[in-house]
Amino acid sequence: MSTKKRGNAMAFMPCKLELALLFEWALGIVVWIAAVAIASAETLDDVHKRAPTQTANLYTASHHTVALSDYLISEKLDGIRARWTGTELLTRKGNVIHAPNWFTRAWPNTTLDGELWFARKKFEDTASIVLTDIPDERWEQIKFMVFDMPLLMQPFEQRAQEIKRLTDAANSPALLAMPQFVLHTHDALQAKLNSVVEAGGEGLMLHHRQARYVDGRSAHLLKLKRHQDSEAKVIAHIKGKGKFKTMMGSLLVERADGVQFKLGSGFSNNERRHPPEIGKWVTYKFYGYTNSGKPRFASFMHIRPEKDLPEASTTYVN
């Protein structure tokens, strides 16, 4: 083959990233078609409930070579993840969230993924408001921050534009599009992470502009945090020593895979006097794993409401 012909042929060969994005999109379509086929005899609302749920992978050192300009970036909010089906709000486990009628008035009749959010460092306050069966005036503090549209088979950049259009058209103070921005260097990314964390935020989300929505973990949706976090069940209270001798010293907890370890830090004195009940699930942060597979430097963050637990809490890292 001549050099000219070989060059023309190369011009039409898709790059590995494009192939990966195309494969992930095709897989998402297959999953969605299967879900629609199963739900064909059901109502539209049931179809919305069956829609795929996308989760992120961790941003690691292996991502330091990616072109950041290919990603739209947003803050990672520590709220209650929810889905608007077009008629009601659901938790990630499919439980109904009893929002006031005025809260969702004029919202679009389409499926939206988002976060019910109050403010930074207010997870427990948010949970106490949105996971109660009888809504009250505290809902006035809550916003539904929309970050995706599961049923729109378009690249994320187009989905983000449609989210902005829909939320603007709804003109609802409770319905907002998650702000997206662009950074061009990894130094700028780390600087932005530092400023968010220092202000009380949790981290950042990076979403490839051309990525399609898929069911499960997406290689093109990344979360960047200083720490990892996960959930474990409380199985025992361990009495404290020294200044904590009249309080709880640590919790013995168990992950979904059966691994047990202690949580001895991160508690306020009030939380030590009134520790999470045995059988409750708690969220903890950590920094990698020990050689034995246990979380390193694990520290208590907050009680995880049962309605907001990830599916069966089978994944260690969030």
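Student: Leaving aside neighbours within four places in sequence, which residues is Lys143 in contact with?
Tutor: This is a predicted model, and every value here is computed from it. Set aside the residues within four places of Lys143 in sequence. The contacts of Lys143 that remain are Phe103, Glu115, Leu116, Trp117, Pro173, Ala174 and Leu176.

Student: Is Lys143 buried, partly exposed or exposed?
Tutor: Lys143 sits in strand β7. Its relative accessible area is 27%. Buried means under 20%, and exposed means over 50%. The value for Lys143 falls in between, so this residue is partly exposed.

Student: How far is the side chain of Lys143 from the backbone oxygen of Pro173?
Tutor: Lys143 and Pro173 are 30 residues apart in sequence. Their C-alpha atoms are 7.6 Å apart in space. The side chain of Lys143 reaches the backbone oxygen of Pro173, and the distance is 3.0 Å.

Student: In which sense do β3 and β4 pair?
Tutor: Strand β3 covers residues 80–84, and strand β4 covers residues 89–91. Trp84 stands opposite Leu89 in β4. The two strands share 3 bridges, and their pairing is antiparallel.

Student: Which element gives the most to the largest nonpolar core?
Tutor: This core has 26 residues, and Leu89, Phe103, Leu116, Val130, Trp139 and Phe144 touch the most other members. β3, β6, α4, β7, α5 and β8 each supply at least two residues. The top giver supplies 4 residues, and that element is α4.

Student: Is the pair of Trp102 and Phe103 stacked, tilted or edge-to-face?
Tutor: A pair of aromatic rings is described by the distance of the centres and the angle of the planes. Here the centres are 5.8 Å apart and the planes stand at 70°. Over 60 degrees counts as edge-to-face. The angle passes that cut-off, so the pair is edge-to-face.

Student: How many residues apart in sequence are the parts that Phe103 and Trp139 tie together?
Tutor: The rings of Phe103 and Trp139 form an edge-to-face pair, 4.8 Å centre to centre. Phe103 lies in the loop between β5 and β6, and Trp139 in the loop between α4 and β7. So the pair ties together parts whose separation in sequence is 36 residues.

Student: How far is the backbone oxygen of His64 from a polar atom of the side chain of His186?
Tutor: His186 belongs to helix α6, residues 186–198. At a relative accessible area of 18%, His186 is buried. Its contacts beyond four places in sequence include His63, His64 and Thr65. From the backbone oxygen of His64 to a polar atom of the His186 side chain is 3.0 Å.

Student: Which residue in β9 is the bridge partner of Ile73?
Tutor: Strand β2 is mostly covered, with 6 of its 6 residues buried. β2 and β9 run antiparallel and are joined by 6 bridges. In β9, the partner of Ile73 is Leu206.

Student: What is the phi of Asn171?
Tutor: Most residues other than glycine have a negative phi. Asn171 lies in the loop between α5 and β8. At 66% relative accessibility, Asn171 counts as exposed. Asn171 is not a glycine, yet its phi is positive, at about 50°.

How values were computed:
Residues are numbered from 1 along each chain as its sequence is written. This is a predicted model: local features need pLDDT of at least 70, side-chain atom pairs count only at pLDDT 80 or more; totals for chains, interfaces and linings use all residues. Side-chain values use heavy atoms; hydrogens and water are left out. Two strands pair if DSSP finds at least two bridges between them. Buried means under 20% relative accessible area, exposed over 50%, partly exposed in between (1.4 Å probe, protein chains only). A polar contact is a pair of N or O atoms within 3.5 Å; within protein, one must be able to donate a hydrogen and the other to accept it, and residues adjacent in sequence count only if both atoms are side-chain atoms. Contact means heavy atoms within 4.5 Å. A nonpolar core is a set of buried Ala, Val, Leu, Ile, Met, Phe, Trp, Tyr and Cys residues joined through side-chain atoms within 4.5 Å. Rings of Phe, Tyr and Trp (its six-membered ring) pair if their centres lie within 6.5 Å; planes under 30 degrees apart count as stacked, over 60 as edge-to-face and the rest as tilted.
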